[in-house]
Amino acid sequence: MHNRLKVERAERNLTQDDLAKMIGVSRQTINSIEKNRYVPSTILAIKLSNVFEKNVNELFTLEADD
């Protein structure tokens, strides 16, 4: 799965810690999602989409081999 989390976060001048606090997770969770080491739950993906005012499909996309 590919994501635009780091790009969206940078465009809003948010740190990983800022974003983590906004959605109630650890900074390490945000880091892991950005590095594609962790696929967020549906609930977490929706929380992220709400923060960035984007559709979940705009933040997360499946790659051909997923």
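**A buried arginine, a nonpolar core and a helix pair**

Arg-9 lies in helix α1 (residues 5–11); helices are DSSP runs (H or I, at least four residues), numbered from the N terminus. The model is predicted, so local features need pLDDT of at least 70 and side-chain atom pairs pLDDT 80 or more, while totals for chains, interfaces and linings use all residues. Residues are numbered from 1 along each chain as its sequence is written, and side-chain values use heavy atoms, without hydrogens and water.

Arg-9 is buried, with a relative accessible area of 10%; buried means under 20% (1.4 Å probe, protein chains only). Beyond residues up to four places away in sequence, Arg-9 touches Leu-14, Thr-15, Gln-16, Leu-19, Glu-34 and Phe-52. Contact means heavy atoms within 4.5 Å.

The largest nonpolar core has 13 residues. Such a core is a set of buried Ala, Val, Leu, Ile, Met, Phe, Trp, Tyr and Cys residues joined through side-chain atoms within 4.5 Å. Leu-5, Leu-19, Ile-30, Ile-33, Leu-48, Phe-52 and Phe-60 touch the most other members. Helices α2 (16–23), α3 (27–34) and α4 (42–52) each supply at least two core residues. The most come from α4, with four.

The axes of α2 and α3 come within 8 Å and cross at roughly 110 degrees. Axes are lines fitted to C-alpha atoms over the stretch in contact, with angles from 0 to 180 degrees between N-to-C directions. Helix α2 is therefore roughly perpendicular to α3 (65 to 115 degrees). Gln-16, Asp-17, Leu-19, Ala-20 and Ile-23 in α2 meet Arg-27, Ile-30, Asn-31 and Glu-34 in α3.

How values were computed:
Buried < 20%, exposed > 50% of the residue type's maximum accessible area, 1.4 Å probe, protein only. Parallel < 35°, antiparallel > 145°, perpendicular 65-115°, else oblique.
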